[in-house]
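Me: Could you look at this one with me? I'd like to go through it piece by piece.

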Amino acid sequence: MTTQELKSFAAPENGRLTPDMIQSFASDGVIVLQDFVSVEACQRLREQALSLVAAFDANSVRSIFSAMEQTQLGDSYFEESGDKIRFFFEQDAFDEAGELRQPKEDSLNKMGHAMHDLDPVFDTFSRTPQLAAIVDSLGYEDPVILQSMYIFKPPRIGGEVYCHQDSTFLYTEPESCVGFWFALEDATIENGCMHFIPGGHQGPLKRIQYRGSDGNMKFKTLDDTPWPEKSTVPAEVKAGSVVIFNGRAPHLSGANLSNKSRHAYTLHVIEKNSHYPAENWLQRSADLPLRGFE
Ligand code: FE2
């Protein structure tokens, strides 16, 4: 482990990461840029998310996302969501009678996985010159945005997420996944912020998820040593910050036990020219090809 706290920087003026930032990212696998997005842009995205939720008929589908397992295995509503905008409930969203315990917008785990290509407000938020410059300064030659997720982490029922690496689920050969996690509201330990193991990305990728020949999703274990979870560092960040993390960076988040939501938006970028396995869960139809930042 290289450090005990996450390196946090003021967002660079022209968007490009400075050598200091690139060095921290290389050694820790994660950095924070403060004030990367304006308060107004965060607010605009929240409003758009809530308007999409308002238009979603909660009685039409009740797909629950198991935050502990990261993917909704065997659920076609989830598995076909790679090129759509779909809604996934928290595990504790419903009471014994099958009714929502809280308002719809405070019952969802997430919305995914192609808002950045299907919704104009999300498209604008996702494709800024500043973000394109960061991706370019990370050395990407032909980056494309593989997925977007809107994470609600609702008050009281926002579920815990176990320690994992995103490249397990968004695997390419060679590995090229990088995550951008935008805080739309202040993220604190109390409301379930992310935690990282700085330097943990220098270890191996531990698991790869793939679709087996029987159609079911499976995991291939590459390394079964346990995570040094005592080394986790909380990423408490203000709204407008972006957390940038390597696809191998181990991370988790706690439950939201507070009375406030913890909305966040995430993008995952891969190198277009890397091999994208047909066994990955996230697949797109040919009429919605992956796009970069243009
Ligand atoms: Fe993750």
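Me: Which residue is the bridge partner of H113 in strand 5?
Reply: In strand 5, H113 is bridged to S148, in a predicted model where local features need pLDDT of at least 70, side-chain atom pairs count only at pLDDT 80 or more, and totals for chains, interfaces and linings use all residues. Residues are numbered from 1 along each chain as its sequence is written, and side-chain values use heavy atoms, with hydrogens and water left out.

Me: How many bridges join strand 4 to strand 5?
Reply: Four bridges join strand 4 (residues 108-113) to strand 5 (residues 143-151), and the two run antiparallel; strands here are DSSP runs (E, at least two residues), numbered from the N terminus, and two of them pair if DSSP finds at least two bridges between them.

Me: And what order do the strands take in the sheet?
Reply: The open sheet has eight strands in the order 1-2-12-7-14-5-4-3, with mixed pairing. Strand 1 (7-10) and strand 3 (85-89) are at the edges with a single partner strand each, so one side of each has no neighbour in the sheet.

Me: Changing topic, what coordinates the iron ion?
Reply: H164 (NE2), D166 (OD) and H251 (NE2) coordinate the iron ion at 2.2 Å, and these donors (N, O and S atoms within 2.8 Å of the metal, or 3.2 Å for Na, K and Ca, with water not among the atoms, so sites may look incomplete) follow the spacing H-x1-D-x84-H along the chain.

Me: Are H164 and D166 buried or exposed?
Reply: Both H164 and D166 are buried, where buried means under 20% relative accessible area, exposed over 50% and partly exposed in between, using a 1.4 Å probe and protein chains only.
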